Number of protein chains: 2
Amino acid sequence: MSTESEPPKVQEEVDSSSQSISKKAAKKEAAKKAKEERRKEAEAAASAASALSIEEEGPLANNYGDVPLQELQSVNDPQTGKWSEAVNGREWTVVGALNGSLKDQEVLIRGRVHTTRPVGNKLAFVVVRERVSTVQCLATVKPDSVSKEMVRFVRSLSNESIVDVIGVVSVPDVEIKGATQQVEVQIKKLYCVSRAAKTPITIEDASRSEAEIEKASKEGVQLPRVNQDTRLNNRVIDIRTLANQGIFRIQSQVGNIFRQFLLSENFVEIHTPKLIAGSSEGGSAVFRLDYKGQSACLAQSPQLHKQMSICGDFGRVFETGPVFRAEDSYTHRHLCEFTGLDVEMEIKKHYSEVMDIVDRLFVTIFDGLNNVCKKELEAVAKQYPFEPLKYKPKTLRLTFEEGVQMLKDAGVEIDPLGDLNTESERKLGQLVLEK
Amino acid sequence: MSTESEPPKVQEEVDSSSQSISKKAAKKEAAKKAKEERRKEAEAAASAASALSIEEEGPLANNYGDVPLQELQSVNDPQTGKWSEAVNGREWTVVGALNGSLKDQEVLIRGRVHTTRPVGNKLAFVVVRERVSTVQCLATVKPDSVSKEMVRFVRSLSNESIVDVIGVVSVPDVEIKGATQQVEVQIKKLYCVSRAAKTPITIEDASRSEAEIEKASKEGVQLPRVNQDTRLNNRVIDIRTLANQGIFRIQSQVGNIFRQFLLSENFVEIHTPKLIAGSSEGGSAVFRLDYKGQSACLAQSPQLHKQMSICGDFGRVFETGPVFRAEDSYTHRHLCEFTGLDVEMEIKKHYSEVMDIVDRLFVTIFDGLNNVCKKELEAVAKQYPFEPLKYKPKTLRLTFEEGVQMLKDAGVEIDPLGDLNTESERKLGQLVLEK
């Protein structure tokens with residue numbers, strides 16, 4: 001393709017232009033170069049792989065290989081290549097659904113190469129990962145399906161490459177430690193749909209818990225620790241860890257259960273304006289912007305519009321949406337932008353009606369998560385251990401007075417008429433838990 | 001309370017201050033005065049009413065009246081007043097649930113006084129409205145429950161006041177035209193929980209369709225038409241119309257069905273940042289703001305973060321959230337801020353997989369609305385008539401070429417390689433409908 005010895009085209013254009021553009025262009029150029037390098041790296045990896053795959057001729061050569069882009073683009077025609085032919089008419093089984101009930105059945109799965117492990121030149125393990133699930137697959141030389149060259153191909157797969165695996169489900173006698181699914185897939189065919197270049201961090205490293213690192217350290221082994229800044233600089237790779245996959249799926253379910261519960265209680269979901277003319281509460285810490293010549297600011301809360309909805313006879317409303325606070329953050333509870341779950345309702349007789357709703361809402365969310373996010377909670381706990389949440393089907397209610405008294409009895413000095421600070425709140429939570 | 005002859009306190013403070021504050025203060029003062037006037041008006045109405053209700057002594061006097069604020073605040077004690085005693089231990093039935101199956105049963109309902117209509121001095125009708133439902137209630141003088149004074153009290157209720165009605169459900173032989181529910185409530189007790197001051201627009205006026213106004217006009221009657229600006233200046237009252245109640249409830253359900261369908265197809269709901277460093281698409285029409293000394297802008301689309309999610313192995317994601325476009329609007333399709341329903345998914349083989357999802361998504365939404373929002377759709381159609389949506393369970397798919405050909409056959413000249421403009425799109429839709 002285009003060579004590095006040619007003078008870069010963008011640079012030429014820039015020379016005849018202003019300085020400020022030149023700076024931008026230089027940046028652009030650098031980005032272009034980096035992109036080009038990545039592309040070349042990927043190409044090199046791909047051609048190395050295809051060099052491997054064309055070593056062999058004969059029927060077994062059809063059972064593996066890189067899928068050319070051209071073949072991926074003409075998928076409705078099974079005649080175009082060995083991958084098209086192999087997957088034609090088949091459905092993909094999700095990795096998370098692989099279990100003993102599928103024993104001896106042939107399945108097609110798609111996922112990322114999580115890790116590969118060769119054992120001699122006749123056997124290779126590859127762990128395939130999809131969302132919060134991983135499964136161990138193995139390629140063993142077999143006269144009718146798997147050649148030595150195919151095992152070599154499997155060993156050559158770079159981590160994070162996307163593969164299609166066709167194989168038979170088997171159930172080993174011993175527990176499988178390196179994967180979430182307690183079955184194995186005996187590979188019959190394996191195609192690499194997209195070969196990954198080397199990633200700046202590996203999912204294995206990014207998935208490690210502090211405890212694992214410390215344990216290894218005591219045994220004299222220094223395992224890599226992926227720090228926050230590296231994670232954020234490589235967000236797209238970091239969110240592939242099982243823990244992050246779990247966190248986002250749990251977040252999605254929190255929103256879902258929140259809404260389902262409220263809708264079942266005759267709430268209406270509203271979407272209130274985020275661009276408003278005044279400030280929604282207080283007024284100091286707002287983000288201000290120019291709205292076509294007028295001053296506007298970002299909503300700190302849907303408060304005003306929620307209340308308008310109630311005055312407008314909606315009865316019960318809720319909103320899930322972004323909230324903007326231009327506050328300097330001194331605690332880890334502060335964020336300039338967060339997703340607010342917000343509720344407003346009319347009361348028939350007493351404010352305890354709101355407490356009833358909130359009480360049942362939280363219990364429903366906790367029950368729901370334990371029910372539908374079991375695997376996700378486990379994935380998070382594996383990397384970031386936490387105690388399971390304890391809660392009652394009917395939440396304990398304390399008056400402020402009773403709470404203050406409990407704190408006093410435990411020796412905590414607080415103002416009986418003031419707000420509870422974070423520390424006192426925590427302490428009170430602990431006291432209630434101990435009861 | 002404070003009298004008008006006293007010099008206003010705020011004004012005094014202002015005199016000793018700067019000009020710019022004085023302007024603000026004058027505004028504040030005007031707002032204060034207006035508020036004060038509204039308060040007085042409400043007080044006058046309330047005292048006029050309570051003057052009515054105390055005319056009578058004896059057991060029947062307990063069956064109606066204004067509920068004092070003090071009584072509303074001590075609702076867990078049934079001893080505090082006649083309303084507390086009357087509603088104690090009862091549940092409210094929603095107006096929308098009133099139907100023939102409740103014949104002869106005594107119910108408690110709460111709603112707004114939509115209209116009142118006296119018939120002589122022994123009978124009064126009051127239509128009570130809750131959300132998208134209205135029911136006709138009637139107070140007839142009866143020796144054991146309804147006094148003449150009570151009928152007078154019912155007649156005196158101002159529109160939009162909130163009332164609690166206890167009465168017996170009856171089913172009249174003829175159709176009830178002035179209300180959505182085809183039953184009547186024979187009033188036994190009626191309490192005014194909150195008496196409304198005169199509203200700047202009436203719900204009756206704001207609910208009228210263009211057709212009704214024109215029909216009356218032909219008959220020589222000039223009915224009030226509430227214009228857009230008046231509606232927007234009195235938004236809280238305007239959204240009480242059955243049509244607006246319907247629109248917001250339909251909107252809520254669109255979001256709900258959208259999410260339920262996608263979750264059932266293994267999509268994950270995400271919440272992407274709205275404050276971003278660069279522009280998400282193109283780059284001209286963004287709202288820029290100062291983010292603690294750095295330049296930031298409001299997201300024009302969740303595009304980048306949706307794609308990051310896919311690269312990050314989420315597989316299928318969606319978002320419902322605000323989208324900001326600082327574009328000048330030339331068509332009625334433009335809004336600077338709108339709620340986007342956004343979807344992104346990986347494909348296994350072919351882009352037709354996305355078409356399959358979108359196809360089933362829309363059909364599910366249409367089916368769902370027809371199913372759960374029947375009453376809401378009727379409420380909207382009554383004020384803003386529309387043709388029922390025609391759609392097929394499996395959407396027709398045309399190639400671009402076929403579409404262009406259909407337009408050509410119908411005599412529309414268009415560029416076979418260009419985009420379809422709005423007009424051509426409409427025409428094509430019509431051609432497909434006619435087929």
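Between them, chain B and chain A bury about 5400 Å² in this predicted model, and carbon and sulfur atoms account for 55% of that area. Within chain B, the residues that lose the most area to chain A are B:Asp313, B:Lys348 and B:Lys349, which together make up 14% of what that side buries. Each chain can also be described by its residues in the contact: 61 from chain B and 61 from chain A.

In one salt bridge, B:Lys348 pairs with A:Glu130, with 3.8 Å between the closest N and O atoms. On the side of chain B that touches chain A, helix H10 (residues 242–264) of chain B supplies the largest share, 10 residues. That side of chain B consists of 24 nonpolar, 16 polar and 21 charged residues.

A:Glu353 belongs to helix H12 (residues 352–372) of chain A. The residue is buried but has no salt bridge.

What does the side chain of A:Glu353 reach at 2.6 Å? It reaches the backbone nitrogen of A:Lys348. A polar atom of the A:Glu353 side chain also lies 2.7 Å from the backbone nitrogen of A:Lys349. Beyond its neighbours within four places in sequence, A:Glu353 is in contact with A:Met345, A:Ile347 and A:Lys348.

How values were computed. Residues are numbered from 1 along each chain as its sequence is written. Chains are lettered from A and ligands numbered from 1 in the order in which they are written. This is a predicted model: local features need pLDDT of at least 70, side-chain atom pairs count only at pLDDT 80 or more; totals for chains, interfaces and linings use all residues. Side-chain values use heavy atoms; hydrogens and water are left out. Contact means heavy atoms within 4.5 Å. Buried area is the accessible area (1.4 Å probe) that two parts lose on being put together, summed over both. A salt bridge is a side-chain nitrogen of Lys or Arg within 4 Å of a carboxyl oxygen of Asp or Glu. Helices (H or I, at least four residues) and strands (E, at least two) are DSSP runs, numbered from the N terminus. Ala, Val, Leu, Ile, Met, Phe, Trp, Tyr, Cys and Pro count as nonpolar, Asp, Glu, Lys and Arg as charged, and the others, Gly among them, as polar. Buried means under 20% relative accessible area, exposed over 50%, partly exposed in between (1.4 Å probe, protein chains only). Lys and Arg count as positive and Asp and Glu as negative; His and the chain ends are not counted. A polar contact is a pair of N or O atoms within 3.5 Å; within protein, one must be able to donate a hydrogen and the other to accept it, and residues adjacent in sequence count only if both atoms are side-chain atoms.
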